[in-house]
Amino acid sequence: MPELPEVEALTAYLSQRLTGRVIAEVQPVAISALKTYDPPVTALAGRTVGPVVRHGKFLDIEAGGLHLVVHLARAGWLRWKEGLPPLPPRPSARNPLALRVRLEGPEADGFDLTEAGTRKGLAVYVVREAAEVPGVARLGPDPLDPGFDLARFRALLSGERRRIKGVLRDQGVLAGVGNAYSDEVLHAARMSPYKLAADLSDEETARLFEALGTTLREAVERSRGLAAGELKAEKKLGLRVHGRTGQPCPVCGDTVREVSFADSSLQYCPTCQTGGRPLADRRLSRLLK
């Protein structure tokens with residue numbers, strides 16, 4: 001799933017290519033991806049694109065007073081295209097295309113929103129204000145906001161009786177951090193994903209806050225200037241524990257372990273994060289070996 005660093009890079013990428021351009025047509029293919037109907041997507045045609053901004057994991061493309069807001073979900077992606085055909089694409093069970101935005105001009109360029117797999121979560125909204133999107137309205141503070149400091153982070157964790165892994169992923173607490181980067185942040189902070197947020201000491205909270213900012217800023221820097229098609233590969237290369245079950249930890253050399261859940265998994269290093277003790281894997285109902 002694209003998270004804060006990848007969506008930040010996509011925002012910069014699209015800003016360079018869209019700002020000041022006129023939308024010729026928006027062609028929906030997967031109707032299930034459209035979450036609003038008033039204004040219709042056709043209302044974007046003929047409007048000039050203004051700022052492209054990010055809200056957590058949401059892309060927000062402003063165009064003549066309307067906002068095209070996109071959440072890529074788990075398997076969605078954005079692909080920039082040159083020489084788009086004028087005819088609308090045909091829906092197909094095998095076609096991952098969900099929506100196409102074509103720009104005016106002889107280049108006939110624009111972008112496609114695609115979604116692989118059968119579990120569809122890609123969401124597209126056309127609204128007058130970004131806050132009309134429920135997911136945007138409920139977002140917590142952005143961890144890369146200059147005004148987000150240790151005192152505010154400490155206040156967010158105060159009284160939280162949930163495991164810190166779940167708190168970091170909760171978009172109502174922090175905007176933009178998902179499964180992958182929560183694993184990376186906790187590894188950098190040398191902290192168990194099962195530790196209760198409210199039980200963190202002042203030193204642990206400060207360490208986690210530093211790891212959060214450093215991990216996200218480094219990921220953003222690695223992605224800066226990359227084309228949209230290169231971002232997924234860059235994310236995978238930059239991860240130290242997430243998605244690396246069975247591989248050696250780059251810090252201590254211990255084997256990276258995994259805990260699996262119904263629809264996701266987490267990865268961690270026992271030596272760096274849990275005092276050498278494997279965490280219980282509920283799916284297997286036994287300790288990881």
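Is arginine 190 buried, exposed or partly exposed? With a relative accessible area of 48%, arginine 190 is partly exposed, where buried means under 20% relative accessible area, exposed over 50%, and partly exposed in between (1.4 Å probe, protein chains only). The residue belongs to the loop between H5 and helix H6 (202-223), and its phi is near 55°, a positive value in a residue other than glycine.

The structure is a predicted model, in which local features need pLDDT of at least 70 and side-chain atom pairs count only at pLDDT 80 or more, while totals for chains, interfaces and linings use all residues. Residues are numbered from 1 along each chain as its sequence is written, and side-chain values use heavy atoms, with hydrogens and water left out.

The protein chain holds eight helices and twelve strands, both taken as DSSP runs numbered from the N terminus, with helices (H or I) of at least four residues and strands (E) of at least two. For 289 residues a compact globule would have a radius of gyration near 19 Å, and the 20 Å of the protein chain agrees with this; the radius is taken over C-alpha atoms, and the globule rule is 2.2 Å times the number of residues to the power 0.38. Along the principal axes, the C-alpha atoms fill a box of roughly 60 × 40 × 30 Å. Buried residues account for 51% of the 289 residues, and among contacts (heavy atoms within 4.5 Å) between residues at least 6 apart in sequence, 65% join residues at least 24 apart.

The interior can be approached through its nonpolar cores, each a set of buried Ala, Val, Leu, Ile, Met, Phe, Trp, Tyr and Cys residues joined through side-chain atoms within 4.5 Å. In the largest nonpolar core, which has 34 residues, Leu14, Leu18, Leu68, Phe111 and Leu113 touch the most other members. Helix H1 (residues 4-18) supplies the largest share of this core, six residues. Apart from it lies another core, of 25 residues, including Phe148, Ala180, Ala189 and Val220. Leucine 68, not counting residues up to four places away in sequence, touches Leu44, Leu59, Asp60, Ile61, Val101, Phe111, Val124, Tyr125 and Val126.

Tryptophan 80, in strand E5 (residues 76-81), counts as buried because its relative accessibility is 16%. Leaving out residues up to four places away in sequence, tryptophan 80 touches Tyr13, Leu14, Arg17, Leu18, Leu103, Asp109, Gly110 and Phe111. The C-alpha atoms of tryptophan 80 and aspartate 109 are separated by 7.7 Å, although the two residues stand 29 residues apart along the chain. Alanine 108 lies in the loop between strand E6 (97-103) and strand E7 (110-115); its phi is near 50°, a positive value in a residue other than glycine, and with a relative accessible area of 17% alanine 108 is buried.

When residues up to four places away in sequence are not counted, aspartate 183 touches Lys165, Val241, His242, Ser265, Leu266 and Gln267.

One further backbone feature is the cis peptide bond that joins aspartate 38 and proline 39, with omega about 5°. Proline 39 is found in the loop between strand E1 (23-28) and strand E2 (49-55).
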